[in-house]
Amino acid sequence: MEKELKEKIKAEIKKQLEDGALECEVAQQIAEDLEVENKVVGKLANQLDVKLKNCQLGCF
């Protein structure tokens, strides 16, 4: 994956944080908007030490 796309995803994750965490639904929307798989957003969130909350089983 391109470094530029990774940085764009990370920036969007940071922008959408609420109390240091990211809602699962928001993470899914980021993946859809940027045309990547959910697991890509999940992996980058993990790299940023961002916790996903209210997550549906198995989405990330």
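**Figure 1. Packing of the buried residues of helix H1 in the predicted model.** In this predicted model, the buried residues of H1 pack against strand E1 (21-23), helix H2 (24-33) and helix H3 (38-47). The residues concerned are Ile9, Lys10 and Ile13, which are the buried residues of H1. Seen down the axis of H1, these buried residues fall within an arc of 100 degrees, so they line one face of the helix. Glu4, Lys8, Lys14 and Lys15, on the other side of H1, are exposed. The length of the helix can be checked as well: at 1.5 Å a residue, the 13 residues of H1 (residues 3-15) should span 18 Å, and the end C-alpha atoms are 18 Å apart, which agrees.

**Figure 2. Glutamate 4, a residue of helix H1.** Glutamate 4 has its place in helix H1, and with a relative accessible area of 65% it is exposed, since exposed residues are those over 50%. Between the C-alpha atoms of glutamate 4 and glycine 20, which are 16 residues apart along the chain, the separation is 23 Å.

**Figure 3. Helix H2 and the elements that cover its buried residues.** In H2, the buried residues are Cys24, Ala27, Ile30 and Ala31. When H2 is seen down its axis, these buried residues fall within an arc of 115 degrees, so they line one face of the helix. Their cover includes H1, E1, H3 and strand E2 (51-53), whereas on the other side of H2 the residues Glu25, Glu32 and Asp33 are exposed. After H2 comes glutamate 35, whose phi is positive, near 55 degrees.

Figure 4. The largest nonpolar core has 12 residues, namely Ile9, Ile13, Leu22, Ala27, Ile30, Ala31, Val36, Val40, Val41, Leu44, Ala45 and Val50. At least two residues of this core are supplied by each of H1, H2 and H3, and the largest share, four residues, comes from H3. For valine 50, a member of the core, the contacts that remain once its neighbours within four places in sequence are left aside are with Ile13, Leu17, Gly20, Ala21, Leu22 and Ala45.

Figure 5. Leaving aside its neighbours within four places in sequence, glutamate 23 is in contact with Lys53 and Asn54. Glutamate 23 and cysteine 55 are 32 residues apart in sequence, while their C-alpha atoms are 7.0 Å apart in space.

Figure 6. Most residues other than glycine have a negative phi. Aspartate 19, although it is not a glycine, has a positive phi of about 55 degrees, and its position is in the loop between H1 and E1. At 78% relative accessibility, aspartate 19 counts as exposed. Asparagine 54 is likewise not a glycine and has a positive phi of about 55 degrees; this asparagine lies in the segment after E2 and, at 57% relative accessibility, counts as exposed.

**Figure 7. The chain as a whole, as context for the close-up views.** The secondary structure comes to three helices and two strands, and from the N terminus on these elements run in the order α-β-α-α-β. For 60 residues, a compact globule would have a radius of gyration near 10 Å, and the chain has 10 Å, which agrees. The C-alpha trace spans about 30 × 20 × 15 Å along its principal axes. Of the 60 residues in the chain, 27% are buried, and the accessible surface comes to about 4,300 Å², of which 43% belongs to carbon and sulfur atoms. Among the contacts in the chain with a separation of 6 or more, 68% are accounted for by residues 24 or more positions apart.

Key: Residues numbered from 1 in each chain as written. Predicted model: local features only at pLDDT ≥ 70, side-chain atom pairs only at ≥ 80, totals over all residues. Heavy atoms only, no water. Expected span 1.5 Å × (residues − 1). Buried < 20%, exposed > 50% of the residue type's maximum accessible area, 1.4 Å probe, protein only. Arc of directions from axis to C-beta. Contact = heavy atoms within 4.5 Å. Rg over C-alpha atoms; globule rule 2.2 N^0.38 Å. Areas by Shrake-Rupley, 256 points an atom, 1.4 Å probe, with all protein chains shown as cover. Core = buried A, V, L, I, M, F, W, Y, C linked by side-chain atoms within 4.5 Å.
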